Amino acid sequence: MSEKIRVLIADDHAIVRQGFKQIFSETEDLVVAGEADDGVDALQLARQHEWDVFLLDISMPNRNGIDTLKLLKREFPRLPVLILSMHPEEQYALRALKAGASGYLTKQSAPDQLVTAIRQVARGKKYVSPSVAQQLVDAIADDTEKLPHERITDREYQVLVLIAKGKPLT
(Lines give C-alpha, C1' and ligand atoms only; values in the text may rest on other atoms or scores of the structure.)
Protein backbone atom coordinates (compact mmCIF):
# COMPACT_ATOMS: atom_id res chain seq x y z
CA MET A 1 0.00 0.00 0.00
CA SER A 2 1.29 3.46 -0.87
CA GLU A 3 1.67 6.30 1.58
CA LYS A 4 -1.53 8.07 2.63
CA ILE A 5 -2.45 11.52 1.37
CA ARG A 6 -2.45 13.80 4.43
CA VAL A 7 -5.36 16.24 4.26
CA LEU A 8 -5.87 19.33 6.39
CA ILE A 9 -9.54 20.35 6.58
CA ALA A 10 -10.40 23.99 7.26
CA ASP A 11 -14.15 24.38 7.74
CA ASP A 12 -16.02 26.19 10.51
CA HIS A 13 -18.70 23.48 10.81
CA ALA A 14 -17.72 20.50 12.98
CA ILE A 15 -20.37 18.30 11.42
CA VAL A 16 -18.94 18.96 7.95
CA ARG A 17 -15.42 18.09 9.14
CA GLN A 18 -16.81 14.89 10.67
CA GLY A 19 -18.49 14.06 7.36
CA PHE A 20 -15.18 14.43 5.53
CA LYS A 21 -13.51 12.13 8.04
CA GLN A 22 -16.23 9.55 7.45
CA ILE A 23 -15.78 9.76 3.67
CA PHE A 24 -12.00 9.46 3.95
CA SER A 25 -12.25 6.54 6.39
CA GLU A 26 -13.76 4.55 3.52
CA THR A 27 -10.64 5.06 1.38
CA GLU A 28 -7.27 3.43 1.76
CA ASP A 29 -5.16 6.40 0.69
CA LEU A 30 -6.71 9.49 2.35
CA VAL A 31 -6.42 10.54 5.98
CA VAL A 32 -7.56 13.67 7.82
CA ALA A 33 -4.32 14.69 9.47
CA GLY A 34 -5.53 18.01 10.88
CA GLU A 35 -8.54 20.26 11.32
CA ALA A 36 -9.08 23.99 11.63
CA ASP A 37 -12.31 25.88 12.24
CA ASP A 38 -11.25 29.25 10.85
CA GLY A 39 -8.72 30.85 8.54
CA VAL A 40 -6.34 31.92 11.31
CA ASP A 41 -6.10 28.40 12.76
CA ALA A 42 -5.71 26.99 9.26
CA LEU A 43 -2.68 29.20 8.59
CA GLN A 44 -1.12 28.26 11.93
CA LEU A 45 -1.53 24.54 11.20
CA ALA A 46 -0.13 25.01 7.69
CA ARG A 47 3.02 26.46 9.24
CA GLN A 48 3.38 23.71 11.86
CA HIS A 49 3.17 20.57 9.70
CA GLU A 50 3.52 19.36 6.13
CA TRP A 51 0.31 18.59 4.25
CA ASP A 52 -0.36 16.87 0.95
CA VAL A 53 -3.66 18.66 0.32
CA PHE A 54 -5.39 21.56 2.01
CA LEU A 55 -9.21 21.36 1.88
CA LEU A 56 -10.48 24.90 2.44
CA ASP A 57 -13.97 26.34 2.91
CA ILE A 58 -14.63 29.84 1.57
CA SER A 59 -16.99 31.09 4.30
CA MET A 60 -15.15 31.01 7.61
CA PRO A 61 -14.83 33.37 10.57
CA ASN A 62 -11.71 35.48 11.29
CA ARG A 63 -10.38 35.16 7.73
CA ASN A 64 -12.37 34.03 4.71
CA GLY A 65 -11.20 31.26 2.42
CA ILE A 66 -10.04 33.45 -0.48
CA ASP A 67 -7.87 35.59 1.82
CA THR A 68 -6.56 32.44 3.53
CA LEU A 69 -5.85 30.90 0.13
CA LYS A 70 -3.83 33.93 -1.00
CA LEU A 71 -1.74 33.85 2.19
CA LEU A 72 -1.22 30.09 1.91
CA LYS A 73 -0.06 30.37 -1.69
CA ARG A 74 2.32 33.19 -0.78
CA GLU A 75 3.96 31.09 1.95
CA PHE A 76 3.51 27.63 0.42
CA PRO A 77 3.26 28.09 -3.36
CA ARG A 78 3.37 24.36 -4.09
CA LEU A 79 0.74 23.31 -1.54
CA PRO A 80 -2.34 21.99 -3.36
CA VAL A 81 -5.44 23.78 -2.06
CA LEU A 82 -8.87 22.44 -2.95
CA ILE A 83 -11.73 24.84 -2.28
CA LEU A 84 -14.95 23.23 -1.13
CA SER A 85 -17.83 25.62 -0.64
CA MET A 86 -21.57 25.91 -0.27
CA HIS A 87 -21.45 28.77 -2.79
CA PRO A 88 -22.31 27.98 -6.40
CA GLU A 89 -19.39 27.62 -8.77
CA GLU A 90 -20.37 30.66 -10.80
CA GLN A 91 -19.90 32.88 -7.72
CA TYR A 92 -16.41 31.90 -6.58
CA ALA A 93 -14.76 29.18 -8.68
CA LEU A 94 -12.89 31.44 -11.10
CA ARG A 95 -11.85 33.80 -8.30
CA ALA A 96 -10.51 30.87 -6.28
CA LEU A 97 -8.59 29.44 -9.25
CA LYS A 98 -7.11 32.86 -10.05
CA ALA A 99 -6.04 33.18 -6.41
CA GLY A 100 -4.11 29.90 -6.67
CA ALA A 101 -6.57 27.13 -5.82
CA SER A 102 -5.86 23.74 -7.36
CA GLY A 103 -9.58 23.08 -7.69
CA TYR A 104 -13.09 24.04 -6.65
CA LEU A 105 -16.03 21.86 -5.62
CA THR A 106 -19.39 22.69 -4.14
CA LYS A 107 -20.51 20.91 -0.99
CA GLN A 108 -23.32 19.40 -3.06
CA SER A 109 -20.71 17.33 -4.92
CA ALA A 110 -20.78 13.56 -4.57
CA PRO A 111 -18.28 12.05 -2.10
CA ASP A 112 -16.52 10.11 -4.88
CA GLN A 113 -16.02 13.38 -6.79
CA LEU A 114 -14.35 14.85 -3.68
CA VAL A 115 -12.05 11.83 -3.33
CA THR A 116 -11.14 12.04 -7.03
CA ALA A 117 -10.43 15.78 -6.73
CA ILE A 118 -8.16 15.30 -3.69
CA ARG A 119 -6.20 12.53 -5.39
CA GLN A 120 -5.81 14.62 -8.53
CA VAL A 121 -4.58 17.80 -6.80
CA ALA A 122 -2.26 15.72 -4.59
CA ARG A 123 -0.56 14.58 -7.83
CA GLY A 124 0.00 18.22 -8.81
CA LYS A 125 -2.91 18.47 -11.24
CA LYS A 126 -5.86 20.86 -11.28
CA TYR A 127 -9.42 19.73 -10.71
CA VAL A 128 -12.49 21.47 -12.09
CA SER A 129 -15.99 20.27 -12.74
CA PRO A 130 -17.37 20.39 -16.30
CA SER A 131 -19.31 23.57 -15.49
CA VAL A 132 -16.17 25.33 -14.19
CA ALA A 133 -14.27 24.14 -17.27
CA GLN A 134 -16.95 25.82 -19.39
CA GLN A 135 -16.59 29.03 -17.36
CA LEU A 136 -12.83 28.96 -17.97
CA VAL A 137 -13.32 28.49 -21.70
CA ASP A 138 -15.85 31.32 -21.79
CA ALA A 139 -13.52 33.59 -19.81
CA ILE A 140 -10.65 32.92 -22.20
CA ALA A 141 -12.79 33.18 -25.32
CA ASP A 142 -13.98 36.73 -24.79
CA ASP A 143 -12.90 38.83 -21.86
CA THR A 144 -14.40 42.03 -23.29
CA GLU A 145 -18.03 40.91 -23.06
CA LYS A 146 -17.94 40.29 -19.34
CA LEU A 147 -20.68 41.77 -17.20
CA PRO A 148 -19.52 44.56 -14.89
CA HIS A 149 -19.70 42.41 -11.74
CA GLU A 150 -17.42 39.82 -13.39
CA ARG A 151 -14.64 42.41 -13.88
CA ILE A 152 -14.37 43.66 -10.29
CA THR A 153 -11.55 42.76 -7.93
CA ASP A 154 -11.91 40.26 -5.09
CA ARG A 155 -11.98 43.06 -2.53
CA GLU A 156 -14.64 44.97 -4.46
CA TYR A 157 -16.68 41.77 -4.61
CA GLN A 158 -16.32 41.25 -0.83
CA VAL A 159 -17.52 44.80 -0.18
CA LEU A 160 -20.54 44.33 -2.47
CA VAL A 161 -21.47 41.09 -0.71
CA LEU A 162 -21.30 42.84 2.67
CA ILE A 163 -23.42 45.73 1.39
CA ALA A 164 -25.96 43.25 0.00
CA LYS A 165 -26.13 41.60 3.44
CA GLY A 166 -26.91 45.00 4.97
CA LYS A 167 -23.64 45.34 6.86
CA PRO A 168 -22.79 48.91 7.87
CA LEU A 169 -19.75 50.64 6.42
CA THR A 170 -17.16 51.04 9.15
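This report describes the strands, cores, helices and salt bridges of a predicted model.

## Basis of the model

The structure is predicted, and local features need pLDDT of at least 70, side-chain atom pairs count only at pLDDT 80 or more, and totals for chains, interfaces and linings use all residues. Residues are numbered from 1 along each chain as its sequence is written, and side-chain values use heavy atoms, with hydrogens and water left out.

Helices (H or I, at least four residues) and strands (E, at least two) are DSSP runs, numbered from the N terminus. A residue is called buried under 20% relative accessible area, exposed over 50%, and partly exposed in between (1.4 Å probe, protein chains only).

## The parallel strands

Two strands are said to pair if DSSP finds at least two bridges between them. Strands β1 and β3 pair in the parallel sense over 4 bridges, and L8 has F54 in β3 as its bridge partner. On β3 and β4 the pairing is again parallel, over 3 bridges; here the bridge partner of L56 is I83 in β4. The chain passes from β4 through α4 to β5 in a right-handed β-α-β crossover. A crossover is right-handed if, with the strands pointing away from the viewer, the path from the first strand over the helix to the second runs clockwise. Strand β3, helix α3 and strand β4 also make a right-handed β-α-β unit.

In a regular strand the side chains alternate between the two faces of the sheet. In β3, V53 and L55 lie on one side and F54 and L56 on the other, and all are buried, which leaves both faces covered. Strand β5 (residues 103–106) has G103 and L105 pointing one way and Y104 and T106 the other way, and all are buried.

## Two nonpolar cores

A nonpolar core is a set of buried Ala, Val, Leu, Ile, Met, Phe, Trp, Tyr and Cys residues joined through side-chain atoms within 4.5 Å. The largest one has 28 residues, and those with the most contacts inside it are F54, L56, L72, V81 and I83. At least two residues of this core come from each of β1 (5–10), α2 (39–48), β3 (53–56), α3 (65–75), β4 (81–85) and α4. A second, separate core of 17 residues includes V53, L55, V115 and Y127.

V81 shows how such a residue is surrounded. Apart from its neighbours within four places in sequence, V81 is in contact (heavy atoms within 4.5 Å) with F54, L56, L69, L72, K73, A101, S102 and G103.

In helix α4 (residues 89–98), the buried residues are E89, Y92, A93, R95, A96 and L97. Just after this helix, G100 takes a positive phi of about 115 degrees.

T27 sits in the loop between α1 (14–25) and β2 (30–36). Is T27 buried or exposed? T27 counts as buried because its relative accessibility is 14%. A polar atom of its side chain lies 2.7 Å from the backbone oxygen of F24. Leaving aside neighbours within four places in sequence, T27 is in contact with K4, V115 and R119.

## Salt bridges

Side chains of opposite charge can pair when their charged atoms come close. A salt bridge is a side-chain nitrogen of Lys or Arg within 4 Å of a carboxyl oxygen of Asp or Glu, and the count comes to 6 salt bridges by this rule. E35 and R17 form one of them, with the closest N and O atoms 2.8 Å apart. E35 is in strand β2 and R17 in helix α1, 18 residues apart. E35 is partly exposed at 33% relative accessibility, whereas R17 is buried at 13%.

In the salt bridge between E75 and R47, the closest N and O atoms are 2.5 Å apart. E75 lies in helix α3 and R47 in helix α2, so the pair ties together parts that are 28 residues apart in sequence. E75 is partly exposed, at 38%, and R47 is partly exposed, at 48%. K107 forms a salt bridge with D57, the closest N and O atoms being 3.5 Å apart. D57 is buried, with a relative accessible area of 3%, while K107 is partly exposed at 27%. Together with D11, these two residues are linked in a network of salt bridges.

Technical notes:
A polar contact is a pair of N or O atoms within 3.5 Å; within protein, one must be able to donate a hydrogen and the other to accept it, and residues adjacent in sequence count only if both atoms are side-chain atoms.
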